[in-house]
Amino acid sequence: PGDYQIGEDIDINGDGTPLRYMYNPTLDGGSLGCWSSSATSVDVHYSSGVGNHFFFNLAEGSGATAYGTSPLCGSATAVTGVGRTEAAAIWYRALDVYFTSNTTYKAARGYTLSAAADLYGRCGTEYTAVQKAWTAVAVTGTDVPC
């Protein structure tokens, strides 16, 4: 079953720990869990922690979960997850329809909101969860008000 840990089976660290923790990317000692302007100068394997953290929050929610505690960035409010199926559908549609090879995190916020609106309607549960999940990792945008 999925556990939101990446690369634990290859044991590259030699101690059984995973390469990445989606619920709290900073646990690996190098990944970013919150977006900041320095994210553009960090190796992509470490800056991808922001996207991993977003997806976890969208699927499972923030705070204490069955997989680990997902912290919020800044003064963000708690996120209630929409489940893996809905989160995966939103992410896949955004990747398939909207993302390009140079998509930024700010653009990703807009694209995933568009994907959520396409699939579930604008301003519904999934749409607002996408907004909160991006805000929870400090990726802001000028969203269309609901």
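Charged pairs and their surroundings

Author: Arg84 has a relative accessibility of 33% and so counts as partly exposed (between 20% and 50% relative accessible area with a 1.4 Å probe, protein chains only; buried is under 20%, exposed over 50%). The model is predicted, so local features need pLDDT of at least 70 and side-chain atom pairs pLDDT 80 or more, while totals for chains, interfaces and linings use all residues. Residues are numbered from 1 along each chain as its sequence is written, and side-chain values use heavy atoms, without hydrogens or water.

The partner of Arg84 is Glu60, and the two form a salt bridge whose closest N and O atoms are 3.4 Å apart (a Lys or Arg side-chain nitrogen within 4 Å of an Asp or Glu carboxyl oxygen). Because Arg84 belongs to helix H3 and Glu60 to helix H2, this pair ties together parts that lie 24 residues apart in sequence (DSSP runs numbered from the N terminus: helices H or I, at least four residues; strands E, at least two). Glu60, at 27% relative accessibility, is likewise partly exposed.

By this rule there are four salt bridges in the model, including two further pairs that deserve attention. One of them joins the side chains of Arg20 and Asp28 at 3.5 Å, N to O; here Arg20 is buried, with a relative accessibility of 16%, whereas Asp28 is partly exposed at 23%. Another is the pair of Arg109 and Asp143, whose side chains meet at 2.5 Å, N to O. This pair links distant parts of the chain, since Arg109 sits in helix H4 and Asp143 in the segment after H5, 34 residues away. Arg109 is buried at 5% relative accessibility, while Asp143 is partly exposed, with a relative accessible area of 23%.

Trp134 is, with Phe54, Phe55, Leu58 and Val130, among the residues with the most contacts inside the largest nonpolar core, which has 31 residues (buried Ala, Val, Leu, Ile, Met, Phe, Trp, Tyr and Cys joined through side-chain atoms within 4.5 Å). Helices H2 (49-60), H3 (84-98), H4 (105-120) and H5 (125-135) are the elements that each give two or more residues to this core, and the largest share, six residues, comes from H2.
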